[in-house]
Amino acid sequence: MIWPEANIGFSSPLRVHGEALENWFFVFFADSIVVRRDASSNFRAIGDAELKALAVDEEGRFFMGMQGSTACYAVNLSTEPDQEMSTLRDLFGSISVDLFNLAGRALQTLDWDRTHRFCGKCGGQMRVSESDRSSRCDTCQLSFYARISPSIIVLVHHDRKVLLARNHRFPIGLFSTLAGFVEPGESVEGTLSREVREEVGVEISDFRYCCSQPWPFPNSLMLGFQARYNGGEIRLQEEEIAEAAWFDIEALPVIPGKHAISRWLIDDYLRQQGVWLS
Ligand SMILES: [Zn+2]
């Protein structure tokens, strides 16, 4: 399989169950995470003794779930520690997909807490629920759940060619699959047709769901599809797309790295077409 298997070792109850043999802390100040490195110099979460040694004030701590017998926590610091720090975005690609997703869950949980201190309806004080992942208003009882925004990302293909585009935000020469957010009241199928038509002006059919990737900047869940080209000439949505073209699968441009869902979609199509992948 091109994309990672589901992380079946992770369970996400609201309280620690069984006996935690170890604790992992994903410790953030604002959007940056405290970095510890293993013997191979790769990022790892920090343990109990290391957290104590930081000697900094915690503004909030959330239990995220169990990875096997390890309890995982997100911790928000109120002051910046004198430690190696990194944004999570900068760690993407250099840590495993499972570890990135766990750290992303921590970042999203802390961000949700920071932005839901007061009720959006009445301005009352919010209290974190003990029974689910929500906050509840003390005054009007309204609940706010951790926010997840579904989006689609799609590889459009046609006769051993793939339709790739360069967003204005990408470096020159880097091409990727098409993507966009699901609108309120819209089906995922509707988003696929609309986004591809809006961004490059072509029609698609035969959607095939492949895989997903959480993208915690700030709260996207990317749903990955492949789709068959079904007519139309490329016509760019110029505010968003700098260039787009059909590429023969034997002559692809620079594409995203092995940790990115767009790459998984492209590599899977190449494998379906019998292209050998290194
Ligand atoms: Zn309220």
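Predicted model: local features only at pLDDT ≥ 70, side-chain atom pairs only at ≥ 80, totals over all residues.
First, the ground rules. Residues are numbered from 1 along each chain as its sequence is written. Local features need pLDDT of at least 70, side-chain atom pairs count only at pLDDT 80 or more, and totals for chains, interfaces and linings use all residues. Helices (H or I, at least four residues) and strands (E, at least two) are DSSP runs, numbered from the N terminus.

Start with the cores. A nonpolar core is a set of buried Ala, Val, Leu, Ile, Met, Phe, Trp, Tyr and Cys residues joined through C-beta atoms within 7 Å. Buried takes 20 or more other C-beta atoms within 10 Å of the residue's own; exposed is 12 or fewer; partly exposed is in between; C-beta atoms are placed from the backbone. The largest core holds 30 residues, and V154, V156 and V196 touch the most other members. Two or more residues come from each of β12, β13, β14 (178-181), α4 (188-200), β15, β16 and α5. Take V154. Leaving out residues up to four places away in sequence, V154 touches T177, L178, L192, V196, F225 and A227. Contact here puts the two C-beta atoms, placed from the backbone, within 7 Å. Another core of 25 residues lies apart, with F25, V27, A106 and L110 among its members.

Now α5, residues 261-272. This helix has 12 residues and spans 17 Å between its first and last C-alpha, close to the 16 Å expected at 1.5 Å a residue. That expectation is 1.5 Å times one less than the number of residues. Its buried residues are I261, S262, W264, L265, I266, D268 and Y269. Their cover includes β12 (149-158), β13 (161-167), β15 (204-215) and β16 (220-229). After α5 comes G274, with a positive phi near 80°.

Next, a sheet. It is open, with 3 strands in the order β9-β10-β11, paired antiparallel. Strands pair if DSSP finds at least two bridges between them. β9 (126-128) and β11 (143-145) are at the edges with a single partner strand each, so one side of each has no neighbour in the sheet. β9 and β10 (residues 134-137) share 3 bridges. There, V128 stands opposite S135.

Last, the backbone. Which peptide bond is cis? The one joining F217 and P218, with omega about 5°. P218 sits in the loop between β15 and β16. S41 is not a glycine, yet its phi is positive, about 75°. S41 is exposed, with 7 other C-beta atoms within 10 Å. R160 also has a positive phi, near 65°. R160 lies in the loop between β12 and β13.
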